[in-house]
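User: I would like to learn how to read the features of a structure one at a time, with the general idea before each case. Could we go through one together?

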Amino acid sequence: MKVGTFPGGLNLGSIASDTSTFHEVPSSGTVIIPLKQYSGKACEPAVKKKDEVKVGSIIGESTGNDDASVHATVSGVVTNIFKKYPDMKGGTVPAIEIESDSKNELDVTVFEGTDIELIQKAGVVDLDIDAVPLHSKIALAKEKSVNTLIVNGVDVESQFSSRAVLLSEYAGEIAAGIDIISKLLGVTSVHIGVIEKASSAISSISSACSTAQVVGLKDKHPQSLRELLVKAILGKEIPQGGIPEDIGVTVISAETALFVARAVNDKKPVIERFITVAGGGLSKSKNVLVRIGTPIKEVLDYCGVSVGGAGKVIIGGPMMGTAIHSTDMPITKETTGIFVQNENEIAEFPSGVCIKCGLCIDICPMKLMPFLISGLSEAGKYAMAEKNDIHGCNECGCCSYVCPVLIPMVHWIKFGKSEIRAQRSSE
Ligand code: SF4
Ligand code: SF4
């Protein structure tokens with residue numbers, strides 16, 4: 001089998017060969033379901049306070065290309081409609097609170113429509129750095145006449161294994177979803193990228209999906225990012241500031257294909273996530289199936305994780321994730337995994353002055369000058385940071401990881417991007 005890779009990046013010792021199955025987290029007594037779980041605009045609430053809902057009832061309906069429908073994940077009563085509920089990115093989103101009646105009755109309303117309409121009604125989103133409504137991604141790919149589909153079977157962080165296990169255990173449904181997406185796009189070639197160590201995933205998806213070429217990939221962070229999958233699998237570069245669709249390629253994740261099969265073949269909405277819980281406090285990482293809206297603390301309790309006084313909970317993993325201040329926050333369609341650092345693992349360190357060793361440049365998979373764009377952001381020189389392609393940074397964290405004087409480059413780059421966004425929105 002061909003083994004692909006990309007220049008730069010880090011070998012962090014993947015757990016993708018872990019085959020632990022998914023354990024279902026019990027449904028919560030109260031769920032909080034954000035009306036925006038992707039990049040785009042929030043859905044309007046389709047319910048009001050005191051309404052009764054069932055599992056799968058629409059509580060926020062997609063009306064265009066920049067939103068995705070949202071559904072109840074427990075049966076019960078709507079107890080609150082929040083205009084502003086804290087989200088993982090430090091902002092706020094509208095959200096709906098549902099108190100469960102513990103019956104988990106299913107809404108039997110049957111979705112109808114074309115395949116693309118069913119995908120929109122089911123609220124399928126695709127995950128890369130950000131989540132995007134899948135129906136809008138498919139519309140863009142068709143507009144750009146893509147001819148190649150890459151299915152991302154690589155976990156977003158080396159500490160997670162849920163995507164590899166999903167490929168192994170749900171290969172039939174994922175293959176059915178790939179078939180539907182391929183037909184919608186009219187692509188002529190399909191590739192599935194999987195870390196070469198994940199042998200069970202490779203063997204299951206190779207048997208289930210005869211129309212795709214399964215490509216083994218070297219175990220390197222951040223292999224799961226779309227630009228690097230395109231490079232590793234097709235050997236092609238995406239032009240600076242561009243997207244894969246500009247060169248005729250679209251990338252979707254393995255779980256997206258699974259949810260597409262469920263939306264189109266079973267008329268089922270997206271109400272759950274397959275994620276890994278890893279890090280200190282667990283003797284071994286655990287893969288779980290959890291309903292959207294479940295408070296993170298309930299997932300941690302189920303996994304037997306205790307976060308000590310100064311411990312940290314990082315959503316999305318240690319390299320690219322975001323530390324949250326409250327475990328009351330809910331699981332959303334954007335949650336890829338939970339990484340817990342216990343208080344003994346947290347180190348406070350002073351950073352030094354750049355010694356111009358060049359390690360950050362060598363490691364950067366996007367061929368940037370991390371020390372430069374980070375320094376420009378720290379100095380508030382945002383126009384210069386943009387000229388040096390701050391937006392080309394995928395926030396993989398490799399530069400900060402290797403810096404011998406511990407300069408938190410990715411922190412300053414994220415800060416610079418958020419300042420640029422704030423300036424643009426005030427203009
Ligand atoms: S500059 Fe960005 S893309 Fe390059 S190594 Fe640092 S975080 Fe990764
Ligand atoms: S790795 Fe750190 S010390 Fe070396 S060039 Fe980059 S910022 Fe400077």
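User: Which domains does the domain assignment of the protein chain give?

Analyst: Domain bounds here come from an automatic or database domain assignment, and for this protein chain it gives domain 1 (22-110 + 269-343), domain 2 (112-265) and domain 3 (359-426). This is a predicted model, in which local features need pLDDT of at least 70 and side-chain atom pairs count only at pLDDT 80 or more, while totals for chains, interfaces and linings use all residues. Residues are numbered from 1 along each chain as its sequence is written, chains are lettered from A and ligands numbered from 1 in the order in which they are written, and side-chain values use heavy atoms, with hydrogens and water left out.

User: How many residues of domain 1 and of domain 2 are in contact?

Analyst: With contact taken as heavy atoms within 4.5 Å, 37 residues of domain 1 touch 32 residues of domain 2. The two domains bury about 2,700 Å² between them, and 61% of that lies on carbon and sulfur atoms; buried area is the accessible area (1.4 Å probe) that two parts lose on being put together, summed over both. On the side of domain 1, Phe22, Phe274 and Met320 lose the most area to domain 2, together 21% of what that side buries.

User: What is the count of salt bridges between domain 1 and domain 2?

Analyst: Side chains of opposite charge can pair when their charged atoms come close. The rule asks for a side-chain nitrogen of Lys or Arg within 4 Å of a carboxyl oxygen of Asp or Glu, and between domain 1 and domain 2 the count is two. A salt bridge also joins the side chains of Arg273 and Glu255, at 3.8 Å from N to O. Over the whole structure the search finds 16 salt bridges, including that of Asp179 with Lys183 at 3.2 Å, N to O. Because Asp179 and Lys183 are four residues apart in helix α4 (residues 171-185), they are separated by about one helical turn; helices (H or I, at least four residues) and strands (E, at least two) are DSSP runs, numbered from the N terminus.

User: In what order do the strands of the open sheet of four strands lie?

Analyst: Strands of a sheet pair through backbone hydrogen bonds, either parallel or antiparallel. Two strands count as paired if DSSP finds at least two bridges between them, and in this open sheet the order is β3-β8-β7-β4, with antiparallel pairing. The edge strands, each pairing on one side only, are β3 (30-34) and β4 (52-53).

User: How many bridges join β7 to β8?

Analyst: Eight bridges join these antiparallel strands, with Gly76 opposite Ser100 in β8. The two strands form a hairpin with five residues between them, and Gly90 in the turn has a positive phi of about 90°.

User: Which residues does a cis peptide bond join, and where is Pro222?

Analyst: The cis peptide bond joins His221 and Pro222, with omega about 0°, and Pro222 lies in the loop between β13 (213-217) and α6 (226-234). As a further backbone case, Ser145 has a positive phi of about 50° although it is not a glycine, and Ser145 is found in the loop between α2 (134-143) and β11 (148-152).
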